[in-house]
Amino acid sequence: MPEPTPEGMPRRDFLGVSLAAAAVVTALDPGHADAAPSSGPPAGRGGHYVPQRAPLRPVPFQKLPPGAIEPRGWLAQQLELQIDGLCGRYDEISDFLVYETNGWVDPAQGAWEELPYWLRGFGDLGYVTGNTGVLTRTQRWMEGILGTQAADGWFGPERLRTSLESGPDFWPGMPLLAAFRSWYEYSGDERVIPFMSKYLGFQNTQPPEVFNRSWGAFRWGDNIDSAYWLYNRTGDEWLLDLVTKMHSGSADYVNGIPTWHNVNLAQGFREPLQYWLLSGDEKHRAATYRNYATVMGLYGQFPGGGFAGDENSRPGFGDPRQGFETCGIVELMHSCELLTRFTGDRAWTDRCEELAFNSLPASYDPQQQVMHYITCANSVQLDDQPKHGQFQNPFPMQAYKYGVHQYRCCPHNYGMGWPYYAQELWLATTDNGLAASMYAASKVTARVGAAGETVSIVQDTEYPFSDHISFTVQGAARFPLYLRRPGWAHDVSVKVNGQPVHVSGDWLKLDRTWRSGDRVELVLPMRTSTRVWDDNQRSVSVDRGPLTYSLQIDERYERIGGTDEWPELSVYPESPWNYGLVAGARFDVVRRDAGANPFTTEGVPVALTTQARRLPQWETDTEDVVGLLQPGPARSDEPVKTVTLIPMGAARLRVTSFPQVSPRGKEWSYRTRITASHVNDGDSLEAPDSGRVPESSADTSIPRFTWWDRRGTTEWISYDLRSPRELSEVSAYWYDDTGSGQCRVPQSWRVQWLDGDTWRAVDNTTPYDVAVDRLNTTTFTPVHAQYVRLEAVLRPTYSGGLLQLLFA
């Protein structure tokens, strides 16, 4: 059942790769032809932007203050859409964001995570764009929240002091601390440091058990980052004691995965490495890398940068039709940004770009007015209906809505995605230099060199739609400039003022005396390549540089609610989608006139064409969900067609994990279509036919079907076998959660078959058993039928269900 929030409102269900280290080689300085390669950026305590204090480990990068980076080009356009769209105007429509009735400015009122989520992204949206309206509203909220601090350090809603087992709920304060940090870095508001010190001091007085409750238990990495931020500015050693208390008392990510909730994972997997900055124990650093590899190995076997977590990651739900929560997209981006700064490992930056370019833009409509809860690699219809089998939650998760209460967390939280990304394009280095960490048209202004001279660098590029990037220096100073070489980039070339320089490694270092007008040209050749996903039926995805490509499907938008200003939308396919790619086919690059928004079907500047065949057996299920992949390569005798692929982030409907097809491939089958008299919103219609073998009748590790919360009634589940077959046997594995729930084996059951328009009971059956922990097999006089169903009489006061149902 949904867990109530501290305000008693329904919320989402809550259930409890080794990456290469970066190597950097110095490019030859034209003035120092004998310069030798060196490793960098170095981890150190220098630099001009708040270095790590001992005993914290030195790190290679420092974040520049908000406002130091001016986004341009398509990124500036996405930010402008955000200002005019959902994030920038969400306080007009969300009742969680009404200033006068909000508990974060009036402690007697109620409030929880919604305002902290929204304000974190909203404020940074103002800092990176300079929009006066956003900045004015941000300041009002900051002033109001600062005024709520009590003498003991607590701030915000009073009822949150005792909302968790009579103790405080610290979770919603964590994103607010991030908002205050950005506000301080932008405005210099001197009240922020004592405000945070008093609040963290209050946390330090709490008993250990407080740190292991509810959502906060899995997200203390956010708070650890704030404690380090404050320690680096004050030197107060008690903050490091608090970090140890947070690490020791919260969920244990060091010895395994303590949660499979997707957003918890996206935030929490990095916590051990964050603690490593204090502990120095290699096991903490290794745990973060291991956690990431475990999650992605089990549930990230499709393109887009995310993993299957349509609330929780679940065994049996790893097909590319599973989705990643929009909260998870932006939180995982943020984790990768932090890990880049902490480790210098460019692989984290690669992953952040993959999420940003391929998953984030697809999570909202082209105008950023509405968004959906879940974004999938394969998704051929976005409608407003629950899906019993694909997704875990009972509510529709893919229609585009403003979702104040339906989606709740995601539309309040998504706004930090692009503003945080813009602020991480450039990083300061501890050797007084600058690093172009992620690429987008921008201008950075920062202090560099031994004397801290102020210089600007203008980055001109259409990346990721172009492989050419140029940098023009404004100002004069001697400093190292680092350029990240993405993991997919080979044969990289660099020129300084038109002269080639020899570079290699993951970060390309140009250390020289720069003069105003100096120009660096970086070329990252983009080749079209495919990835084979062995653990997802040997499906393939297509990449060109950092962009993953999807089948272009004609999209029909239909308004399903909302207002003219905030329309809620479903999206339906208007062209065939069930294509497999011809094995070995070539990909041709098609350049188009770029539209206003490159993350739309009409605006993409670079498309691909290739050859494909349709797979008739690949259909949607009874709820219009794209069918599960079957073993590949798949057999298809359909005519070869030329299809167009567009960037995943521009395709609101998409197939991104393709079957490979060949006339000599494996024959796919038409999957059984299943309907029922009723199915619990959190269960799966397809579970009984999934092929998963239960360990017991109470097995919760595999998909299940139940009639919950129907009790004592007569219910049915029906199979359309897709063609007539001779049948004489049925086997049922009953779901029974005695001791933990209200499902039991049924009182009785029988099998029926459809004879014309009439359902008839089968004849001469052996007994219909209702034993637990095994298949109950019944034989009967053979019938020739396409439609069969099991009818069950549920026990009085109990419901029931199935883990497996087989007809033969």
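Trainee: Which residues is tryptophan 426 in contact with, leaving aside its neighbours within four places in sequence?

Mentor: The partners of tryptophan 426 are Leu64, Ile69, Leu434, Ala435, Ala436, Ser442, Val444, Ile457, Gln459, Phe471 and Leu481; contact means heavy atoms within 4.5 Å. The model is predicted: local features need pLDDT of at least 70, side-chain atom pairs count only at pLDDT 80 or more, and totals for chains, interfaces and linings use all residues. Residues are numbered from 1 along each chain as its sequence is written, and side-chain values use heavy atoms, with hydrogens and water left out.

Trainee: How far apart are the centres of domain 1 and domain 2?

Mentor: Taken over C-alpha atoms, the two centres are separated by 43 Å. The assignment also gives domain 3 (673-807).

Trainee: At what angle do helix α5 and helix α6 pack?

Mentor: Two packed helices are described by the angle between their axes and the distance between the axes. For α5 (residues 173-187) and α6 (residues 192-204) the angle is about 160° and the axes are 10 Å apart; axes are lines fitted to C-alpha atoms, for helices over the stretch in contact, and angles run from 0 to 180 degrees between N-to-C directions. α5 and α6 are therefore roughly antiparallel (over 145 degrees; under 35 is roughly parallel, 65 to 115 roughly perpendicular, the rest oblique). Residues of α5 including Phe180 and Trp183 meet residues of α6 including Phe195 and Tyr199.

Trainee: How do α7 and α10 pack?

Mentor: Helix α7 (residues 220-234) and helix α10 (residues 271-279) have axes 9 Å apart at an angle of about 25°, so α7 and α10 are roughly parallel. Gly221, Ile224, Asp225 and Tyr228 of α7 make the contact with Glu271, Gln274, Tyr275, Leu277 and Leu278 of α10.

Trainee: Which backbone feature does serine 166 have?

Mentor: Most residues other than glycine have a negative phi, and most peptide bonds are trans. Serine 166 has a positive phi of about 70°, and glutamine 368 has one of about 55°. Cis peptide bonds, with omega near 10°, run from tyrosine 463 to proline 464 and from tryptophan 708 to aspartate 709. Proline 464 sits in the loop between β9 (453-461) and β10 (468-474).

Trainee: Is serine 166 buried or exposed?

Mentor: Serine 166 is exposed, because its relative accessible area is 63% (buried is under 20%, exposed over 50%, partly exposed in between; 1.4 Å probe, protein chains only). Glutamine 368, in the loop between α13 and β5, is buried at 1%. Glutamine 369 counts as partly exposed at 22% relative accessibility.

Methods. Helices (H or I, at least four residues) and strands (E, at least two) are DSSP runs, numbered from the N terminus. Domain bounds come from an automatic or database domain assignment.
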